[in-house]
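Look at the structure below.

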Amino acid sequence: MAANKKTTKKKVIAKKKATTKKKVTIKKKPSLYDSLLELVRVTSTVLPDDVARVLLNARKAETEGSSASYALGIIADNIELAKIKSSPICQDTGTLLFFVNHPVGFKQSEFIETAKKAVVKATQVGYLRQNSVDSLTGANTGMNVGPGHPSFHFHEHKSDKVEIRLVLKGGGSENVSTQYSLPNVELGAGRDLEGVKKVILDGVIKAQGKGCGPGILGVCIGGDRGAGYINSKEQLLRKLDDKNPSADLNKLENEIVEISNKLGIGPMGFGGATTLIGCKIGVLNRLPASFFVSISYMCWASRRQGVVLTKSGDIKNWLY
Amino acid sequence: MKRLEYPFTKEQIRDLKVGDTVLITGKMYTGRDAVHKRLHEGTKPPVDLNNQIIYHCGPVVVKNSKNGKYEVKAAGPTTSIREEPYQWEVMRDYGICGVIGKGGMGAKTLKACQDYGCVYLHAVGGAAQVLAEKIESVDGVYWEDLGSPEAIWELSVKDFPVVVTMDSHGNSLHDKVLESSKAKLKEFI
């Protein structure tokens, strides 16, 4: 993956050089703007390795000649094609969610300003769709910048590293994301892990077909409604093959995937063996009166990438 | 594998059954949330939709600065169920013969598919590059004031891959999978 990104980037640079040959070339130092533009490009066009691997393997579990197998075949072709063409994996390039871990003294407002410029450029060249709409007038801003867009989440840490993770979360998957308040009488779900399991599986049943499965669930147990949803999205930053440090949650994560894949929902809801390719569960404290379970459904096109920056703002290494 | 070729006819549509994989060659018009809302509010469509296919899709389209031509950079389906309140009317009033989207639609649409000879074709959600590759040309754009993803794009496609998940005979794969998955879940909780 790292090598691939490098070669793609080299090609892009080589192409640029070729077209600007006649001009006086002053070697420009890579800047935060360039790094963020590259982060957006790679996130929109290259699926993380851990996700691609699981999707490519999933086809083996489906009956040959079935619609499920057909869909996974098209998905495999699409992953490859998007990478080669450096074009969006999915046309719904979603909400841009930036998660930034930074040291003390980091200038958030400057970062936001630069990130917005990079997003505008990424939209102009087609790495992103014009995806930001004024909720009152219905007018498309055309540039993916406006109140709430992009979405920034900063976290100050003790390390001197600047780590930027980006998730592109499409509307189809966000629309089937959901939140339950326990107890839930209708589902017979109480305030315990068994109750949590019941509501998550209800979410899986309701999302079928609509969220572009096979999907990944980011779940948060607890928190208030807002914090719960944010934490559930942060779960989507985890690699599919990581292990939850809590034994209880690790068990629940595995169980949810196992049961979901026995329900016969399958890719796209066509029927089949692969309904989920991952479930990641986090936990926050709650009030005595509240018990929320927040579920962020992510489509198979789980676009997340991340970079660590050098002091000058260049990309030091990739995180996925 | 079946083929559906332009000009489309009701006979071709009636021949399609749930579970068929189909390659479409010919014309289609994109139309999603804002287009359906506007049609529902009584505005006449800017093109003749009789025996045409509507594609629930908000593509990424970029205008080539050199030749002024539109290029589709990505074009997968969007979730269709949002058009459930309107789709049956568009079938009845404007004679469309096919809808491409993802996730399937509800009872009103299924009945209209039967009544007016229409079919629901499921494209693979998220497969924006594979599907964009099947677009040979952008032949027109209408209602651009709705914004690029919501406008009506007239597209020519070749071998555009879909699966029939709701046919004109009252069958829906989505209903079937929903029922069976609900029953199955009872075994586990």
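Start with helix α3 of chain A, residues 49-58. The model shown here is predicted. Five names make up the buried residues of this helix: A:Asp50, A:Val51, A:Ala52, A:Leu55 and A:Ala58. Look at how those numbers are spaced. An α-helix has 3.6 residues a turn, so residues three or four places apart point the same way. What do the buried residues of α3(A) pack against? Their partners are α4 (67-85), β6 (276-283) and β8 (303-309), again in chain A.

Now move to another helix of chain A. Helix α7 spans residues 193-207 and holds A:Lys197. Is A:Lys197 buried or exposed? A:Lys197 is buried, because its relative accessible area is 7%, and the cut-off for buried is under 20%. Which residues does A:Lys197 touch, leaving aside neighbours within four places in sequence? In chain A they are A:Leu252, A:Glu255, A:Ile256 and A:Ile259. From chain B comes B:Ile189.

Next, the cysteines. How many disulfides does a search of the whole structure find? The count over all chains is zero. B:Cys113, for instance, is in no disulfide.

| Cysteine | Nearest cysteine sulfur | Distance between sulfurs |
|---|---|---|
| A:Cys212 | A:Cys299 | 6.0 Å |
| B:Cys113 | B:Cys118 | 4.7 Å |

A disulfide needs the two sulfur atoms within 2.5 Å. Burial is a separate matter. A:Cys212 is buried, with a relative accessible area of 8%. B:Cys113 is buried too, and its value is 0%.

Finally, take chain B as a whole. Its secondary structure comes to six helices and nine strands. The C-alpha atoms fill a box of roughly 60 × 35 × 30 Å along the principal axes. The radius of gyration is 16 Å. That agrees with a compact globule of 189 residues, which would have a value near 16 Å.

What share of the residues of chain B is buried? The figure is 59% of the 189 residues. Contacts also reach along the sequence. Of those with a separation of 6 or more, 64% join residues 24 or more positions apart.

The surface comes last. Chain B exposes about 7600 Å², and carbon and sulfur atoms supply 48% of that area. Its charged side chains number 25 positive and 25 negative. The centres of the two sets lie 2 Å apart.

Note on methods:
Residues numbered from 1 in each chain as written. Chains lettered and ligands numbered in written order. Predicted model: local features only at pLDDT ≥ 70, side-chain atom pairs only at ≥ 80, totals over all residues. Heavy atoms only, no water. Helix = DSSP H or I, 4+ residues; strand = E, 2+ residues; numbered from the N terminus. Rg over C-alpha atoms; globule rule 2.2 N^0.38 Å. Buried < 20%, exposed > 50% of the residue type's maximum accessible area, 1.4 Å probe, protein only. Contact = heavy atoms within 4.5 Å. Areas by Shrake-Rupley, 256 points an atom, 1.4 Å probe, with all protein chains shown as cover. Lys, Arg positive; Asp, Glu negative; His and termini not counted. Charge placed at Lys NZ, Arg CZ, Asp CG, Glu CD.
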